[in-house]
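Here are some notes to read with the model open beside you.

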Amino acid sequence: MIKVGIIDKDPIARRTTKLALTNSMKRTNSESIIAIVFDIDCVDHLQSHHLKTQPDILVLDIAGQSVKVIESIKKLLVNSEIIVLSDSIQLKTVRDCFRNGGVSYLLKESSFNYLFFAVTTTYSGGSFLSPSICRAITKQYSAHKIHEDLLTVRELQIAYGLIDGLSYKLIADRHSISLDTVRVYIKRVYRKLKINSKGELFAQLTA
């Protein structure tokens with residue numbers, strides 16, 4: 001039995017999520033697999049009587065709140081795995097959710113089609129991403145490869161030094177070159193990639 005909790009500010013959405021899981025179980029003849037142990041509107045309502053039956057899987061809608069809420073929940077439900085529901089297809093949001101403790105990410109537009117599979121996959125130790133998020137990640141890696149191909153080995157070393165948060169001096173020390181040479185390489189990198197800031201560099205060369 002997989003114990004599932006639901007946190008969503010919208011009561012209609014909570015009922016819809018429960019219905020989606022129920023219908024999925026019926027379609028797959030798996031009606032005894034999932035039990036909803038609670039559905040509530042916010043983290044503040046995770047009172048002690050809820051914690052007595054901690055869910056194995058928590059389905060969390062992050063609409064209108066910071067992804068930091070995931071970290072707060074993990075402190076309360078240390079053994080629960082979190083599936084994030086979101087409208088956002090921004091890969092930064094996806095990464096931030098994972099950094100804060102989420103393990104699966106489901107777009108609301110496709111959640112009802114994939115929710116049951118996401119729950120069972122996450123429970124079995126895997127992670128689930130909506131297909132359109134997977135495609136966005138694939139495209140981003142492809143774009144990064146194109147950008148990397150524009151740079152020489154040394155230029156990539158300097159660029160990734162910046163991305164790693166190193167100062168110009170530390171980059172110079174790491175590669176046994178002068179500060180002025182570091183500056184020259186950085187100008188070349190920016191010119192080749194047609195960018196003007198470290199933030200743009202990070203966006204083009206990181207996933």
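1. Let's start with Phe128, which counts as buried at 7% relative accessibility (buried means under 20% relative accessible area, exposed over 50%, partly exposed in between, with a 1.4 Å probe and protein chains only). Please keep in mind that this is a predicted model, where local features need pLDDT of at least 70, side-chain atom pairs count only at pLDDT 80 or more, and totals for chains, interfaces and linings use all residues. Residues are numbered from 1 along each chain as its sequence is written, and side-chain values use heavy atoms, with hydrogens and water left out.

2. Which residues form an edge-to-face aromatic pair? They are Phe117 and Phe128, at 5.6 Å centre to centre and with 80° between the planes. Rings of Phe, Tyr and Trp (its six-membered ring) pair if their centres lie within 6.5 Å; planes under 30 degrees apart count as stacked, over 60 as edge-to-face and the rest as tilted. Phe117 lies in helix α5 and Phe128 in the loop between α5 and α6, so this pair ties together parts that are 11 residues apart in sequence. Helices (H or I, at least four residues) and strands (E, at least two) are DSSP runs, numbered from the N terminus.

3. The count comes to 2 aromatic pairs by this rule. In the pair of Tyr114 and Phe128, the ring centres are 5.7 Å apart and the planes stand at 40°, so the pair is tilted. Tyr114 lies in helix α5 and Phe128 in the loop between α5 and α6 (131-149), so parts 14 residues apart in sequence are tied together. Tyr114 counts as partly exposed, at 30% relative accessibility. Ring pairs link Tyr114, Phe117 and Phe128 into a cluster.

4. Helix α5 (residues 108-123) also packs with helix α1 (residues 11-27), at an angle of about 70° and with the axes 9 Å apart. Axes are lines fitted to C-alpha atoms, for helices over the stretch in contact, and angles run from 0 to 180 degrees between N-to-C directions. The two helices, α1 and α5, are therefore roughly perpendicular to each other (angles under 35 degrees count as roughly parallel, over 145 as roughly antiparallel, 65 to 115 as roughly perpendicular and the rest as oblique). From α1, Thr16, Thr17, Ala20, Leu21, Ser24 and Met25 meet Phe112, Leu115, Phe116 and Val119 of α5, where contact means heavy atoms within 4.5 Å. By class, the contact of α1 with α5 has 7 nonpolar, 3 polar and no charged residues (Ala, Val, Leu, Ile, Met, Phe, Trp, Tyr, Cys and Pro count as nonpolar, Asp, Glu, Lys and Arg as charged, and the others, Gly among them, as polar).

5. Now for another helix pair. Helix α8 (residues 168-175) and helix α9 (residues 179-193) cross at roughly 105°, and their axes come within 9 Å. That makes α8 roughly perpendicular to α9. Tyr168, Lys169, Ile171 and Ala172 of α8 make the contact with Leu179, Val182, Arg183 and Ile186 of α9. The contact of α8 with α9 divides into 6 nonpolar, no polar and 2 charged residues.

6. Two backbone spots are worth a look. Most residues other than glycine have a negative phi. Ser176, found in the loop between α8 and α9, has a positive phi of about 55° although it is not a glycine. Ser176 counts as exposed at 70% relative accessibility. Asn29, in the loop between α1 and β2 (34-40), has a phi near 55°, a positive value. Asn29 is exposed, with a relative accessible area of 69%.
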